[in-house]
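Please read them alongside the sequence and the coordinates.

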Amino acid sequence: MSNAIEIDQLRKHYPGAENTALQGLNLRFKKGIIAGLLGPNGAGKTTTISILCGLVHQDQGTARVFGLDSRQDIIEIKKKIGIVPQQIALYPQLSAQENLEYIGRLYRIPLRVLRMRIAFLLERFGLTANAHKRIHQYSGGMKRRANIIAGLLHEPEMLVLDEPTAGVDVQSRTMILDFLKLYNEEGKTIIYTSHLLEEAERICSDVAIIDEGRLIAQDSPGNLVRQAEGCNNLEEVFLYYTGRTVRE
Ligand SMILES: Nc1ncnc2c1ncn2[C@@H]1O[C@H](COP(=O)(O)OP(=O)(O)OP(=O)(O)O)[C@@H](O)[C@H]1O
Ligand SMILES: [Mg+2]
């Protein structure tokens, strides 16, 4: 089993929605890589991630994580993957320490181990001095970093991040990307979405471009640039495949 993700003919239409979010998406990502899931607004990135981690159910098709079915084996899947959602998933009135202890206990991590991991990760993400500050007092970059820590507490084999660098400054972004590279060097699979194509080009070995709920192109950033006529970088490749029409 060398694939971390196997998605076949995935379809999803949200009740009452105008567009169909996923229209037969097929996608594979290998184990041990940093992969980018890219696409314009409304392409279906968050829906895909939500199905993989059991938050949303598909209408048709299958989604597998390390060979486990997202509809049947969700408890096993949740042990293996860490999800970092697009929206900050922390209680604003609690401190980072309180949020992380609460989340870690949901994973049934023994308190002593949990506190050691929290201390290590807060330090790694530059938040130690603000550990006891309430989340609503955090800057955007601090919230993003704390949000990532929440996905890491159970030391998942794969980290799935939805726009982890959206709205953060260069310093926070660099810290986040450096961490993702290090975590990947420990053999972990990283899958992330981003609208920052230069960033994806820099850290991903495999990139999938999706649009209107379908896979449009997938390869290494270098190969994608070589294959798309007249394109010099991933941003141009992205526009080549997805066009210039502004989305929702
Ligand atoms: N809960 C929902 N109810 C109805 N429609 C939804 C819901 N969530 C998403 N959609 C629709 O499904 C489609 C795919 O949305 P999704 O959030 O997966 O896109 P995305 O690629 O993550 O976009 P973005 O880059 O803006 O985050 C869009 O047309 C969106 O409007
Ligand atoms: Mg999204």
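1. An open, antiparallel sheet is built from 4 strands in the order E2-E1-E4-E5. Strand E2 (22–30) and strand E5 (68–69) are its edge strands, each pairing on one side only. Strands are DSSP runs of E with at least two residues, helices are runs of H or I with at least four, and both are numbered from the N terminus. Two strands count as paired if DSSP finds at least two bridges between them.

2. The model is predicted: local features need pLDDT of at least 70, side-chain atom pairs count only at pLDDT 80 or more, and totals for chains, interfaces and linings use all residues. Residues are numbered from 1 along each chain as its sequence is written, chains are lettered from A and ligands numbered from 1 in the order in which they are written, and side-chain values use heavy atoms, with hydrogens and water left out.

3. Strand E1 (residues 3–12) pairs with E2 in the antiparallel sense over 7 bridges; Asn3 stands opposite Lys30 in E2. Helix H1 (residues 45–52) lies across E1, E2 and strand E4 (60–65), at about 115° to E1. Contact here means heavy atoms within 4.5 Å. Axes are lines fitted to C-alpha atoms, for helices over the stretch in contact, and angles run from 0 to 180 degrees between N-to-C directions.

4. A further open sheet has 6 strands in the order E6-E7-E8-E3-E9-E10, with mixed pairing. Strand E6 (81–84) and strand E10 (214–219) stand at the edges with a single partner strand each, so one side of each lacks a neighbour in the sheet. Neighbouring strands of this sheet are turned by 15° against each other on average, direction ignored. Helix H5 (residues 140–152) lies across E6 and strand E7 (158–162), running at about 160° to E6.

5. Where does E3 pair in parallel? Strand E3 (residues 34–38) pairs in that sense with strand E8 (residues 189–193) over 4 bridges, and 4 bridges also join E3 to strand E9 (residues 206–211), again parallel. Gly36 stands opposite Tyr192 in E8, Ala35 opposite Ile191 in E8, and Leu37 opposite Ala208 in E9.

6. E3 is mostly covered, with 5 of its 5 residues buried. Buried means under 20% relative accessible area, exposed over 50%, and partly exposed in between (1.4 Å probe, protein chains only). Ile34, Gly36 and Leu38 point one way from E3, while Ala35 and Leu37 point the other way.

7. Tyr102 belongs to helix H3 (residues 96–106) and counts as partly exposed because its relative accessibility is 42%.
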